[in-house]
Amino acid sequence: MNIKKSILLRVRIAFLVVALFAMAIIGKIAHIQFNEGEHWTAMAEEAGIRYMKVGASRGSIFSDNGSLMATSLPFYRLAIDATIASDEKWRSGIDSLSLLLSRHFRDESQASYKRKLQNARNQGKQYIAINSKSIDFQAKKKMADWPIIRDGRMRGGVIFEKVDVRYRPFNQLAMRTVGYTDDTGNGVVGLEYSFNDQLAGREGEALFQRISGGTWKPLFDGNDIEPEDGLDIITTIDVNLQDVAEQALLSSLSKHEAEYGSVVLMEVSTGAIKAMANLSRDANGNYGERYNYAVQGTMEPGSTFKLISLLALLEDAKLSLNDTVDTKNGAHRFYDRIMRDSNEGGYGILTLKEVFQNSSNVGISKLIQRHFGANPGNFIKYVEKFHLHEPIGFQLKGEGIPYVKSPGTKEWYGTTLPWMSIGYELKLSPLQMLSAYNAIANDGVLVKPYLVSEIRRGSEVEQKYSVEVIENSVASDRVIKALREAMEGVVEEGTATNLKGAHFKIAGKTGTAQIAFDQSGYRQGNKITYQSSFAGYFPADDPRYSCIVVVGAPSTSSYYGNVVAGPVFREIADMVFTGNNEFHKSMALTSDEDSYPLIKAGYAEDLETIINTLQVKAVANYSEPVEWVRSSVQNQEVKFAQMANTDGLMPNVEGMTLRDALFLLENRGISVRYSGRGRVSQQSTAAGTRIADGHTVKLQLK
């Protein structure tokens, strides 16, 4: 055998041996995997090594303009593997580290921290939680420069365990709507619960080792599966209007000592919810958001439901607002029950428009019974036209189930139709009633209310929600026009004249309903409890927003919708109108001064700041800095002149704000009395008059 053949033979033998060895390894792996897998898994678990879930960072919830309403902030817990650092690093750093820990956490002395760390090293502990308190990113960054910790995970043994903490920048604002999470990080109510799957993200997986004390230490295995962070939710909520809605509702609840209340503000054309407030009183008399009455709370709506009855009369019975009905003395018998009007003595003969404006129970129920009594199913068709017989399918889980009786069932009585026509013997949520009013404001188009506009991953839009039309037309154009006229009449001439304003009109309907205690009726002894409401839209001539206000169980003598709920509606409408430039018509200017800010006199630095901010051209008639100035407008310019301010003489404070006037006068020992609001229009002591200490001046503000 020559050398070449000898070498080939040896190579073949070596290859065969390697191949057989590799096959043996593969066979052993397969045997362990499939035949002994459970055994070795159990052994690993007994040894305290296993793969465990790693939580993902929860997504954030934003308002319509990108303001954070809920987010997860990264916090950390500090732990250490006391066996990692070298003896030299440990000896040189342990004292300083203990001192820094004591100063930062302020819960134990330097000696206590040193003893804890040294004991852990002596016992060979691979994991010890230095402190149970969470630290923020800035504290983590600061600690990264401390002895031993500065050497990192591999040489110092430091472990910063990330802990996500849910944070609400606006604190309690829209608390029940946005919702909150439990100890496990999962949503409990509101958007946090309804969109929990999207917000929660996807858990990862990592290898952990169980060490003494039952603590699990991460091993940072290369096969770890990274968690996938949750998606962000973009809502339609306007935080400014939400704040206004909550404060206005709280004011009414406190004033009338009510048990609960709810407000929903919605864009007419889209159905986007701009504010949703729900407040209730606890045993200590404090109000907070605990239950979503707007979405979950189904109750008898009362007179706000008369809108549906009026529509049915106009559309099906072909009545007009000028048709009349005799309400007589305000009482009418239906079978064994008597329907009554709130106005003692009744209204007599009323037009249909006046029936609605004055919220006559007798007028509505007589007409409904007359035209639909023989076939009540025709009336129910109009209820169904607004989809009030079924849930909206709102984006928040837990929506209340409406209750609407059907003719021919055992629940339907002879008195059901007349009582249903005025908002009894059926149950609806405030959001359902608002959607009906919104449809009238929206020229008959019924849109689905929505609260979430987008779901995003970073800047990428994963899902978008927009206008969803449920019914293209709930009534004819003739009827829609008549309904809007009738609702304007409620505010201009009817039960809600206290809501009239000078700058824009409101259209809507008041509601005052008795609350049933149980199946036995609405009276508990001599006590009757009411629910007050107002539903409508504004501006009446060009509807942009619809709103409903519900206040439950006011304890004071006032319980009518116009007094309890109406002012909340008006305050919200005023704020929306004030903050929206589209609502304001341009006004003719009568002089140069009309186009310039009202800055007659005051502290020079403040007035100059205003002028500079508004980029208005101004000229100062002084070379050195002065404290107090007066201004005038000449030739399209604001001219500043130094104000006379001589000791012992009364200064001229006319045109100043009250704050500036008080500061200037009281610092000169002058006592001030004032009346009115606005700027100083008159002063009782003329400017330049010599005065003594303790002099009193009266200011008239206007």
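**Entry 1: the crossing.** I began with a pair of helices and found that α12 passes α18 in a right-handed crossing. A reminder to myself: this is a predicted model.

**Entry 2: the geometry.** I looked up where the two helices lie, and they are residues 306-315 for α12 and residues 477-492 for α18. Their axes are 10 Å apart, and the packing angle is about 140°. Angles over 145 degrees would count as roughly antiparallel, so α12 and α18 come out as oblique to each other.

**Entry 3: who touches whom.** Next I listed the contact residues. On the α12 side I have Leu307, Leu310, Leu311, Leu314 and Glu315. Facing them from α18 are Arg478, Val479, Ala482, Leu483, Ala486 and Met487. Sorted by class, this α12 contact with α18 holds nine nonpolar residues, two charged ones and no polar ones.

**Entry 4: α18 by itself.** I then checked the length of α18. Its 16 residues reach 22 Å from first C-alpha to last, close to the 22 Å expected at 1.5 Å a residue.

Which residues of α18 are buried? I noted Val479, Ile480, Ala482, Leu483, Arg484, Ala486, Met487, Gly489, Val490 and Val491.

**Entry 5: the whole protein.** Zooming out, I counted 22 helices and 33 strands. Of the 702 residues, 46% are buried. Among contacts between residues at least 6 apart in sequence, I found that 67% join residues at least 24 apart.

How values were computed
Residues numbered from 1 in each chain as written. Predicted model: local features only at pLDDT ≥ 70, side-chain atom pairs only at ≥ 80, totals over all residues. Heavy atoms only, no water. Axes fitted to C-alpha atoms, helices over the stretch in contact; angles between N-to-C directions. Helix = DSSP H or I, 4+ residues; strand = E, 2+ residues; numbered from the N terminus. Parallel < 35°, antiparallel > 145°, perpendicular 65-115°, else oblique. Left-handed = near helix turned anticlockwise from the far one by under 90°. Contact = heavy atoms within 4.5 Å. Nonpolar A, V, L, I, M, F, W, Y, C, P; charged D, E, K, R; others polar. Expected span 1.5 Å × (residues − 1). Buried < 20%, exposed > 50% of the residue type's maximum accessible area, 1.4 Å probe, protein only.
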